[in-house]
Amino acid sequence: MGERSVVELAESLAKGKHGHYVRGVCFISKEPVKEYIELPSYDDVVKSHDKFIEMFGIFYDNNDPVSGRGLYQKQDTRYLIHNPPALYLTQAELDKVYSLPFELDAHPLHKKEGEIRALNTIRFSITSHRGCYGECNFCSIAVHQGRRVRWRSEDSIVNEAKRFVSHPEFKGIISDIGGPTANMYGFECSVKEKSGPCTDKRCLYPDVCDALVPNHKGQMNILKRVSQIKGVKKVFVASGIRHDLVLEDRKYGDSYLKQIVENHTSGQMKLAPEHTEDEVLALMGKPKIDLLLKFREKFFRYTKNAGKKQFLTYYFIAAHPGSTIKHMRRMKEFINKNLKIVPEQVQIFTPLPLTWSSVMYATGKNPFTMEKLFVEKNRNTRELQKKIITENYPNKPAKSKRYRFK
Ligand code: SF4
């Protein structure tokens, strides 16, 4: 996503200039930039959790090209200057980037090292859009791709699929058409275009904002058009789907889900509820679990009507800040009762840079209320949180030492 900054920087360096004015660039300077916002200094942030939270909050609120301002932070005797984010590519520019003659292959240097299995997943997949306003607190996409979704034209996507057909390795299967969240293609809230994303509320949490009107028509059209290309046998949607957006789309939500179930699911659809307990979901910025059950009911109804055998798989996170053994046991009960599976896709929370959840992990505080927050850091207990969910034992944990936790 750095296309614009990279080209501008290269051009200015070629002219013998330093490129310090290029948006999206950071550099070290002896002087601060007066019109930028000052962040708490590096020394303060290292010493104080509250300053760290303050720094991250300012950074987070200034990452949209429309509303984001430049930032600076005192390091030692110098300043780290953080220019405002690069302007997003227009649709025409995005289309142009994706029309370039990519090789759809690994770099020869890496190819020599043997098979690259990840290549099979991405080689014939299509990026339809960039950005995500899901703002899950453990994910950094809202920061590095931005909270405003920008999408390619339908023709650009269809043309990319047509180019696949003449590739010698193409077997007729397009493994994915999507983006950070598959079903954010083709609609956005008009507020962001003029003033950037709101800083006092979120687009999808705790509920879908009234200003956002989900509309899946665009993605449905693309999937149909690409499926009709001669030489394309199957088109899948493998990127995650936000089930709350599907349910909120009163006009096309049901027909979208039917279309996905009937034509674009490769046996199992992946959903990411991440947890089931309200306290933890709130810390994750995820919707309440009852929506998942509504979606699940529809998915299996449409699957049955289509005469198919398809499943849902669910991603869950163990040991997210705020999550305790008690929460995990309640989650296990919920899964046993309502989802009737033993989940395999459970990851132990990993604190990633640029995320609110990492701020919680590092500070032991809820950064939105500044209250103290339980964070499980003991390696064994973090593992145990996962085991409670993944092990197939009847409703109650076995009476072994391993599970004797209060
Ligand atoms: S108005 Fe709603 S949908 Fe639009 S940016 Fe603000 S929170 Fe998001």
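Which hand, left or right, does the crossing of α8 and α10 have? In this predicted model, the crossing of α8 and α10 is right-handed. The report below places that helix pair in the chain and sets a second pair beside it.

**Domains**

The protein chain is divided into three parts: domain 1 (3-82), domain 2 (91-266) and domain 3 (267-406). The centres of domain 1 and domain 2, taken over C-alpha atoms, are separated by 30 Å. To the contact, domain 1 gives 10 residues and domain 2 gives 15 residues.

The table lists the packing of each pair.

| Helix | Partner helix | Angle | Distance between axes |
|---|---|---|---|
| α8 (residues 154-165) | α10 (residues 217-227) | about 30° | 10 Å |
| α15 (residues 325-339) | α17 (residues 379-390) | about 15° | 8 Å |

Helices α8 and α10 pack at an angle of about 30°. Angles under 35 degrees count as roughly parallel, and α8 and α10 are therefore roughly parallel to each other. On the α8 side, the contact is made by E154, D155, I157, V158 and A161, and on the α10 side by G218, N221, I222, R225 and V226. By class, the residues of this contact of α8 with α10 are five nonpolar, two polar and three charged.

For α15 and α17, the angle is about 15°, which makes α15 roughly parallel to α17. Helix α15 passes α17 in a right-handed crossing. The residues I325, M328, R329, M331, K332 and I335 of α15 meet T381, L384, Q385, I388 and I389 of α17. Seven nonpolar, two polar and two charged residues make up the contact of α15 with α17.

**Surroundings of the ligand**

The residues around the ligand include four cysteines, C189, C198, C203 and C209. Also around the ligand are V191, P197, A211 and L212, together with K192, K201 and R202. By class, this shell holds eight nonpolar residues, no polar residues and three charged residues.

**Backbone details**

Most residues other than glycine have a negative phi, and most peptide bonds are trans. Two places in the model depart from these patterns, as follows. A cis peptide bond joins Y205 and P206, with omega at about 5°. P206 is found in the loop between α9 (190-195) and α10. E135, a residue other than glycine, has a positive phi, near 50°. The loop that holds E135 runs between β6 (129-130) and α7 (141-144).

Note on methods: Residues are numbered from 1 along each chain as its sequence is written. This is a predicted model: local features need pLDDT of at least 70, side-chain atom pairs count only at pLDDT 80 or more; totals for chains, interfaces and linings use all residues. Side-chain values use heavy atoms; hydrogens and water are left out. Axes are lines fitted to C-alpha atoms, for helices over the stretch in contact, and angles run from 0 to 180 degrees between N-to-C directions. Helices (H or I, at least four residues) and strands (E, at least two) are DSSP runs, numbered from the N terminus. Angles under 35 degrees count as roughly parallel, over 145 as roughly antiparallel, 65 to 115 as roughly perpendicular and the rest as oblique. A crossing is left-handed if the near helix is turned anticlockwise from the far one by less than a right angle, and right-handed if clockwise. Contact means heavy atoms within 4.5 Å. Ala, Val, Leu, Ile, Met, Phe, Trp, Tyr, Cys and Pro count as nonpolar, Asp, Glu, Lys and Arg as charged, and the others, Gly among them, as polar. A residue is near a molecule or strand if one of its heavy atoms lies within 4 Å of it. Domain bounds come from an automatic or database domain assignment.
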